[in-house]
Each structure stands twice: as structure tokens, then as C-alpha cells.
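Colleague: I'm new to this one. Could you walk me through how to read its features?

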Amino acid sequence: MLQTTAVAATFCAVVGAGIVGYGETTAQAAQAQTPTQSQAQAQTQSASSTAARHGHGHGDAFSGTKKIRVGGYSVNVSCSGRSTARKPVVVLMAGGGDGLDTMAGLQKTLSEKARVCSYDRLGEGESDQPNGTQTIDDSSRILTGVLDRVTGDRPVVLAGHSLGGLIAARYAPDHRDRVKGLVLMDATIPALTAGVSKAIPDSATGMAAELRDQTIAVNEGQNPEKFIIADAKVRSAGNIPVQIIRHESQYAEVPDYGPALEEMWAEGQEQWRALSGRSRISVAAGSGHYIHVDRPDIAVKAIQRVTAQATAHS
């Protein structure tokens, strides 16, 4: 696989050169957040007894990481922080090739003031492998099952990075009763296959051609989730608060096509504004593709702001 940050920006591969040392950082964050085995067992028992008494109206009230059953699969989830009556639950969605551990630092900070959950999609982290190719409908069904279990009938704010952002943005229009806000952190753009094919023409050779071909292959399902990343128009999710954050610089390693790729990515981020009349877009200064790692302060403030806006209109 091509060892470039450009690849990371396109389909969020964790091997990007711009993410050297990133795995170590997130592993430390995950370790700080993950309970011991005995604690986890106690939390699971507590969650089970809570669910038995109250059903899933407000979701399972557990803290830590555990496996739940969704649609016949084992899905790894993590929750922390305390719920309040009107405040939405924040659900973090990692990028492609990433597990929930890459969101551990962000989750830890956010959970000081809110209830926050994250999960490994099928094919990622500690969740089961998918039985076959997945479409957005398949991924959405898993997300719905996770939300039913960990948030119940509570409103949610989805905060997604890269592919996680695209899935969140595709999910929200069909679940307006549940999704009350979105934060998209350098989300995969709505028409990536068409965009990269235009930005890097067939005449390209070397690293640029490899990047184009790998991106298209990944979009066709050659990724850990076996997820088909299909081009599609942006649909409205209603008048919910939406914060779109894009990277400042990412494609320096493909200089011949870097400007075209940056233009493609910026235009794609603008397209996400059609999600809502309350959409805002900003650039994370000094950030590459992993905004929540490079500029966690920006990510935290954006999620807290959208959550506050969603609470005010609940």
C-alpha cells in the first residue's frame, strides 16, 4: 500500500506517512480509558440490570468498552460520561481503517461534559468481520442497532472523521427524528471516485497514478469493511446544526496533482453544506487529515458547540 498522507486523506488508511507515531498515541489514550477486566464485568452486569429495569428508553448506562449483539454480529462499543435529560448523546465515528481507539482521546475530553459513545464498524477494531460486501444501507442498519442499544430514544449528535463522517452524513437525512446535529471532520467527499478520476487523469504515472487506482479500488470495496463508497448527491438532514471542518494541507507528496486534489477536496467539503441551512464550514489551521489528532481543540469546540445548539432546539 502506498505510504503517503495523500492516501490517508482519500480513504483514511492508517499507514500514511503523516501519521507516524499516531497508533502509539491513540493506544495510550485507549489504555487510559479502558477499564480493567473486573471493572468491565461489573459495568456489564450493572448495564444489564439497568436495561432489565428500564428497557432501552435511555440506552444502556454503562461506562467502558464491551461487546453488544447487533444484527447477528458482535460489535465493540465504548461509552463514557454522564447523561443529562435534554442533552444529546455524542457518537464518535472513526475513519476507514481505524477503530474506536483512534477516538479515545477525543472521547475522554468530551465525556467530561457529556455522554459520549463510539464503536467499531464491522471489519474494524474488535468488531466482527462482515459476511460480504457492505453498502451504506448495511452500515446504517448496524449504526441504528448501536444507537438503539447505547442511546435508546435519546437524541444524538454524530461526529465523524473521514469515512465515518461520510456515513454519518448519509445516515442523518433518513433519521431526522434521532440525529439532531452533525460534525464532519474532513469527511470523505460525496463524489470521491469521480473527483479523484478528474484530478488525476489517465495520463498520470508513478505515485499519482497509484494513488488514483488505489482510491478507486478502495471505493469499490477493497477495504477492511468491504464497504462500497459510492458517489451520491447530498440530501438534506433538515435544519440541524452541521459543522464541517476540513484540513489545511494534505497533498504535498503528489506535487504535480496536489493543487487539483486540494481543490477537489475543498469543493467536496462545500457540497456537504447542502445537509442543512445551518451548515458551517471551516479550515483547521495546521491540520492534516486527522483533525482530531492534529487540532483536538478545534474538534472538541466544534462538537461541544453543535451539541449545545442541538440541546437548545430540542
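Colleague: How much space lies in the largest cavity?

Modeller: Let's take the general idea before the case. Rolling a probe the size of a water molecule over the atoms shows where empty space is left. In this predicted model, about 40 Å³ of space lies in the largest cavity. The structure holds one cavity of 30 Å³ or more.

Colleague: Which residues line the largest cavity?

Modeller: Its lining is made up of Arg82, Ser83, Thr84, Lys87, Pro88, Val89, Lys113, Ala114, Arg115 and Arg154. Sorted by class, that lining has five charged, three nonpolar and two polar residues.

Colleague: Now the nonpolar core. Which residues of the largest one touch the most other members?

Modeller: Again, the general idea comes before the case. In soluble globular proteins, nonpolar side chains tend to be buried together. Here the largest nonpolar core has 40 residues, and Val75, Val146, Leu158 and Leu182 touch the most other members. Helix H6 (residues 163–171) gives this core its largest share, six residues. There is also a second, separate core of 21 residues, with Ala94, Met103, Leu106 and Met185 among them.

Colleague: What does Val146 touch, leaving out residues up to four places away in sequence?

Modeller: The contacts of Val146 are then Ile68, Val70, Val75, Val77, Tyr119 and Thr151.

Colleague: And a helix: which residues of H7 are buried?

Modeller: In H7 (residues 192–199), Leu192, Gly195, Val196 and Ala199 are buried. Look down the axis of H7: these buried residues fall within an arc of 90 degrees, so they line one face of the helix.

Conventions:
Residues are numbered from 1 along each chain as its sequence is written. This is a predicted model: local features need pLDDT of at least 70, side-chain atom pairs count only at pLDDT 80 or more; totals for chains, interfaces and linings use all residues. Side-chain values use heavy atoms; hydrogens and water are left out. On a 1 Å grid over the protein atoms alone, a cavity is a set of points where a 1.4 Å probe fits but cannot get out, and a pocket is an open set with protein on both sides within 12 Å along at least five of seven lines; lining residues have an atom within 4 Å of a point. Grid points are joined across faces, edges and corners, and a volume is the space filled by probe spheres set on the points. Ala, Val, Leu, Ile, Met, Phe, Trp, Tyr, Cys and Pro count as nonpolar, Asp, Glu, Lys and Arg as charged, and the others, Gly among them, as polar. Buried means under 20% relative accessible area, exposed over 50%, partly exposed in between (1.4 Å probe, protein chains only). Helices (H or I, at least four residues) and strands (E, at least two) are DSSP runs, numbered from the N terminus. The arc is that of the directions from the helix axis to the C-beta atoms. A nonpolar core is a set of buried Ala, Val, Leu, Ile, Met, Phe, Trp, Tyr and Cys residues joined through side-chain atoms within 4.5 Å. Contact means heavy atoms within 4.5 Å.
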